Amino acid sequence: MFENYTGADSFNAGALPSGGGLYVESGSEVRVIATEFYGNIAGYGGGIGVYNLLQQGTVTLVQNALISNHAQGDGGGLWVYGGDVTANSTTLALNLAEGSG
C-alpha cells in the first residue's frame, strides 16, 4: 500500500517502459491512498502503468492526484492493460499521451 507518497519527476525507460511514477505487474494487490504523481514520463502510463495480462490482482486508487504526467505511447496519467482499476475521488488532469488517452 502507498499512502501519502509523492512520485514526481521520474522517467522510466527500462525493458518495460511503463509507469513513470508507479508500475504494477500481474497478480499484484495494490492500494494507493492520498498520493500525488506528477511530472513523470514513461512509454505507457506516465503516472501509473498497470500491466495485468493474467487479470489477477486488484488496483485501487483513493484520493489521488495524477497531474502533468507524459506517456510517449498511451495513457498520459493512467494506462491499464488487462484487468480492472477502481478509482475513487482521484483527479487526472493536464496529462499528455502521444498515443491514446
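Author: Helices (H or I, at least four residues) and strands (E, at least two) are DSSP runs, numbered from the N terminus. By that rule the chain has 15 strands and zero helices. The model is a predicted one, in which local features need pLDDT of at least 70 and side-chain atom pairs count only at pLDDT 80 or more, whereas totals for chains, interfaces and linings use all residues. Residues are numbered from 1 along each chain as its sequence is written, and side-chain values use heavy atoms, with hydrogens and water left out.

A few totals give the setting. Of the 101 residues in the chain, 40% are buried; buried means under 20% relative accessible area, exposed over 50%, and partly exposed in between, for a 1.4 Å probe and protein chains only. A contact means heavy atoms within 4.5 Å. Among contacts between residues at least 6 apart in sequence, 83% join residues at least 24 apart.

The sheet itself is open and consists of three strands in the order S4-S8-S12, with parallel pairing. Two strands pair if DSSP finds at least two bridges between them. Strand S4 (22-25) and strand S12 (78-81) stand at the edges with a single partner strand each, so one side of each has no neighbour in the sheet. On average, neighbouring strands of this sheet are turned by 5 degrees against each other, direction ignored; the axes behind such angles are lines fitted to C-alpha atoms, for helices over the stretch in contact, and angles run from 0 to 180 degrees between N-to-C directions. Between S4 and strand S8 (residues 48-51), the parallel pairing extends over four bridges. Glu25 has Tyr51 in S8 as its bridge partner.

Rings of Phe, Tyr and Trp (its six-membered ring) pair if their centres lie within 6.5 Å; planes under 30 degrees apart count as stacked, over 60 as edge-to-face and the rest as tilted. The whole structure holds three aromatic pairs. In one of them, Tyr44 and Trp79 are tilted, at 5.2 Å centre to centre and with 40 degrees between the planes. Tyr44 lies in the loop between strand S7 (41-42) and S8, and Trp79 in strand S12, so this pair ties together parts that are 35 residues apart in sequence. Tyr44 is partly exposed at 35% relative accessibility, whereas Trp79 is buried at 13%.

Tyr51 and Tyr81 form a stacked pair, with 5.4 Å centre to centre and 10 degrees between the planes. This pair links strand S8, which holds Tyr51, to strand S12, which holds Tyr81, across 30 residues. Tyr51 is partly exposed, with a relative accessible area of 25%, and Tyr81 is also partly exposed, at 41%. Tyr44, Tyr51, Trp79 and Tyr81 form one aromatic cluster.

Finally, Asn52 is found in the loop between S8 and strand S9 (58-62). With 5% relative accessibility, Asn52 counts as buried. Apart from neighbours within four places in sequence, Asn52 is in contact with Ser26, Gly27, Gly57, Tyr81, Gly82 and Gly83.
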